[in-house]
Amino acid sequence: MKATRADRGRFIISSFVFICFLCALASINEVRYDSLLKFGRCALANINMPCKLNASTSNTLLAQSSSSDDEIRILFGILTLPDQYERRHFLRLIYGTQSPVGAKVDVKFVFCNLTKEDQKVLVALEIMRYDDIIILNCQENMNKGKTYTYFSSLPEMFNDTEGPNPPYHYVMKTDDDAYFRLQSLVDSLKPLPREDLYYGYVIPCPSMDPFVHYMSGMGYLISWDIVEWIKESDIPKNQLEGPEDKIFGNWMRDGHRAKNRFNAKWSMYNFPEPPTRCTHELWPETIAVHLLKNQEKWIRTLKYFNVTDNLKPSKLYHIP
């Protein structure tokens, strides 16, 4: 009888401990489920109705969903003019239909202060719709410091203690008459250093040595540490006027920067017509084509690279 009472006591205690364990487990799972549910609601919520997560939940889930360290972050700046509305809309089609693997590429249109009343309305609408415009604090120009203002303004715009460090591995400066194949660009960058890098099409055209002269203004890319150096150094500040790509090369030379250089010739080149020492026939190994000054040249280039091959069949349209 005594043994039976002892067994009964042990059974009650064991049952009580087990029930407590189940309650604790259920409580933990409820917290996790609630956190995941909130996160899912946030992901599906309207962007104008942001929802709130507590700090620990947000940090944990964002860390789990963040991209890998191997993913390249590129700020792709297209220098243009405020009034070039049609060109910007066209380029949004060109780059919005490209999804490079292994990189996050942020395409931004860059120009100086607005000067007209219509610009203040139309550009504001563009920003509200696309959020892809950077307005620099400068007067519009080509060879009087716009490129310097672009690069030197970026650290203050993008350095954020809450975001990745650096915010971008590379920053591109290109023109609105150049077409870049983003996957080819990303693939060419994967084996390259992420510090002290200067990448582009070396000038003069016959040269293949990136350490002798400078990279063409059609499009050159630098690592983030050089961007920060441009902001802090007096060398660029004291040399602003002149052909912007040549002046940039002078900064690198005088500042003993860009020890890592990559000449992307002949994957970057000018459109083949009219033929010059800087042109090349369109070919599959292309990263960028420059001097697409009219619609005909754009269409020929886009057709060559079969950019509409991924168009899905639909009953809604018929394109022969």
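## A salt bridge to start from

With a relative accessible area of 18%, D106 is buried (buried means under 20% relative accessible area, exposed over 50%, and partly exposed in between, with a 1.4 Å probe and protein chains only). Its salt-bridge partner is K104, and the closest N and O atoms of the two are 2.7 Å apart. K104 is partly exposed, at 39% relative accessible area. A salt bridge here is a side-chain nitrogen of Lys or Arg within 4 Å of a carboxyl oxygen of Asp or Glu.

A word on the ground rules: this is a predicted model, in which local features need pLDDT of at least 70, side-chain atom pairs count only at pLDDT 80 or more, and totals for chains, interfaces and linings use all residues. Residues are numbered from 1 along each chain as its sequence is written, and side-chain values use heavy atoms, with hydrogens and water left out.

## Overall build and confidence

The protein chain holds ten helices and twelve strands. Of the 320 residues in the chain, 42% are buried. The accessible surface comes to about 19,300 Å², and carbon and sulfur atoms supply 57% of that; such areas come from the Shrake-Rupley method with a 1.4 Å probe, and for residues only the protein chains shown count as cover. Among contacts (heavy atoms within 4.5 Å) with a separation of 6 or more, 68% are between residues 24 or more positions apart.

The average pLDDT of the protein chain is 87, and 78% of the residues score at least 70. Residues 28-67 have a pLDDT below 50, and beyond near neighbours in sequence this stretch has 13 contacts in the model. For reference, pLDDT is the predictor's confidence in each residue, from 0 to 100. Where pLDDT is low, the predicted coordinates should not be read in detail.

## Two disulfides

A search of the whole structure turns up two disulfides, each a pair of cysteine sulfur atoms within 2.5 Å. One joins C112 to C138, with an S to S distance of 2.0 Å. The C112 and C138 link is left-handed, at -85° about the S-S bond. C112 sits in the loop between strand 2 (103-111) and helix 4 (117-130), and C138 in the loop between strand 3 (133-135) and helix 5 (146-158), so the pair ties together parts that are 26 residues apart in sequence. Both C112 and C138 are buried.

The other joins C205 to C278, with S to S at 1.4 Å. With 60° about the S-S bond, the C205 and C278 link is right-handed. C205 belongs to the loop between strand 7 (202-203) and strand 8 (214-215), and C278 to the loop between strand 11 (268-270) and strand 12 (288-290), so this pair ties together parts that are 73 residues apart in sequence. C205 is buried at 8% relative accessible area, and C278 is buried at 17%.

## More salt bridges

The structure holds 17 salt bridges. In one of them, R87 pairs with D176, with the closest N and O atoms 3.9 Å apart. R87 lies in helix 3 (residues 85-96) and D176 in the loop between strand 4 (170-175) and strand 5 (179-180), so the pair ties together parts that are 89 residues apart in sequence. D176 counts as buried, at 15% relative accessibility.

R257 forms a salt bridge with D225, the closest N and O atoms being 3.4 Å apart. This pair links distant parts of the chain: R257 in the loop between helix 9 (244-254) and strand 10 (260-263), and D225 in helix 7 (residues 224-232), 32 residues apart. Salt bridges that share partners also join R88, R92, E126 and D132 into one network.

## Inside the core

In soluble globular proteins, nonpolar side chains tend to be buried together. The largest nonpolar core here has 75 residues, of which F76, F151, F180, L189 and Y199 touch the most other members. Such a core is a set of buried Ala, Val, Leu, Ile, Met, Phe, Trp, Tyr and Cys residues joined through side-chain atoms within 4.5 Å. Leaving aside neighbours within four places in sequence, F180 is in contact with residues including F76, Y95, M172, L185, M218, M268 and I287.

I222 lies in strand 9 (residues 219-223) and is buried, with a relative accessible area of 0%. Not counting residues up to four places away in sequence, I222 touches F151, H169, Y170, V171, L197, Y198, V227, I230 and F248. The C-alpha atoms of I222 and D196 are separated by 7.4 Å, although the two are 26 residues apart along the chain.

Terms used:
Helices (H or I, at least four residues) and strands (E, at least two) are DSSP runs, numbered from the N terminus.
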